[in-house]
Amino acid sequence: MEELAIHGGTPVKTTPFGKGSRFAGNELKYLKEALEQNTLFYWFGKKVKELTESFASLYGAKYCMATSSGTAAIHTALGAIGLTAGDEVITSPVTDMGTVIGVLFQNAVPVFADLDPDTYNLDPKSVEAHITPRTKAIVVVHLAGNAADMDPIMEIARRHGVYVIEDCAQSYMCRYKGRLVGTIGDIGCFSLNDFKQISAGDGGLVLTNSRELYENCFKFADKNYNRLANDMAAMRKVEYLAPNYRMTELQGAVGLAQVEKLPDVCAKRNRFGERISEELRKLPGFYPPKVYEGGYHTYWFYLFRIREEETGFTAQELVDMLKAEGIPALKGYIPACIYEYELFLEHTAYQNTHCPFDCPHHPEPVVYEHGICPSAEEILETSVRINFDEFSTEEDLADIVHALRKISDYYQAKKKS
Ligand SMILES: *Cc1c(COP(=O)(O)O)cnc(C)c1O
């Protein structure tokens, strides 16, 4: 039996994790071309257009438009469907604030549905239970690179006449029953922030097959100016409020080069994640994320659950033991469900008012408190996150798997003795 590093044994990981340069492809070439255009404005230059064309073609989607961030992409999608005061949007409580920022800026109310214990994504039954006459859309988060159960969600949405917006900020190239997520709902939204599978520093992408939604998105991200009209009077016919979420040609240039690498980056993450899952299935009390038949998980991070009764240790104890073995790990994904953030608990989206939670357009009470999504809360308490990327080596992978097995074997042997 190997002595655990946390008890003074030799750590598993003795070599540094693999590293590499993310921007060593065509980034510099395209940036130079962008600068030589003598304009960095998306409407006059070519790079943002090339980026959106290449992304739409990679995804087999009819339309793609670019925004300044993933948060902007989601807000743009919400603006495009006409989200407004008094509306509700059902979404996941385990996500980035970017999922709900646009909802709040449209003065609509986020409603949190509970999660499936094995995919950590929206549970369709809970989604349906939260539908009211005010529900305008469901924002489906595909967490960590894994698909939510889209078939029942789409069925529920169609039956109730609500839009489905997919938040794919963590889930490039992820597939659900063979289909790319981001092309299943009405609109798919992606992030190019620096921490995602690919980066343009910041940036966002919106996919849709609807000409009408595409035109609405295009306008909404650009002050509601209708540049597609190509006529000054029509362009400045501004009917309602919209922000400036334009992407610059510099982001477009880097994003274009990054999209070229996307399938390879995601294939590597998929292979590493699947290998770890294969090992975890053999260890008592370890539960890898569930991937639906025909699915493809692209592991923006690797999140799995443990059951203390079977493992003999908690998620936090496993994190500490992994760290001692030289494998960085974290408990859960975020410290608490987002409805436990002060903004929600105190209804303080806007200062000196409780809008949109208590306002004439939404007279029904809105309650955010601990306990409203028990499965989501339990997921955060009992899960562990491990990171790897396209530069991780076979040795890194072997060490991650070895450390997990070493810790599990030690506790299982202790149980028997
Ligand atoms: C990163 C992220 C966002 C926001 O993207 P930004 O580009 O940082 O604005 C939204 N939703 C999810 C699930 C994310 O992970």
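Colleague: How many bridges join strand E4 (residues 135-141) to E5, and how do the two run?

Modeller: Strands (E, at least two residues) and helices (H or I, at least four) are DSSP runs numbered from the N terminus, and two strands pair if DSSP finds at least two bridges between them. In this predicted model, where local features need pLDDT of at least 70, side-chain atom pairs count only at pLDDT 80 or more, and totals for chains, interfaces and linings use all residues, E4 and E5 run parallel and are joined by 5 bridges, with Val139 standing opposite Ile165 in E5. Residues are numbered from 1 along each chain as its sequence is written, and side-chain values use heavy atoms, with hydrogens and water left out.

Colleague: Which strand does E5 join through 3 bridges?

Modeller: That partner is strand E8 (residues 187-191), which runs parallel to E5, and here Asp167 stands opposite Cys189 in E8.

Colleague: Is strand E5 (residues 163-167) mostly covered or uncovered?

Modeller: Buried means under 20% relative accessible area, exposed over 50%, and partly exposed in between, with a 1.4 Å probe and protein chains only; by that reading E5 is mostly covered, since 4 of its 5 residues are buried.

Colleague: Why does Leu35 count as exposed?

Modeller: Leu35, which is found in helix H1 (residues 27-36), counts as exposed because its relative accessibility is 53%.

Colleague: Which residues is Leu35 in contact with, leaving aside its neighbours within four places in sequence?

Modeller: Contact means heavy atoms within 4.5 Å, and on that basis Leu35 is in contact with Leu40 and Leu250.
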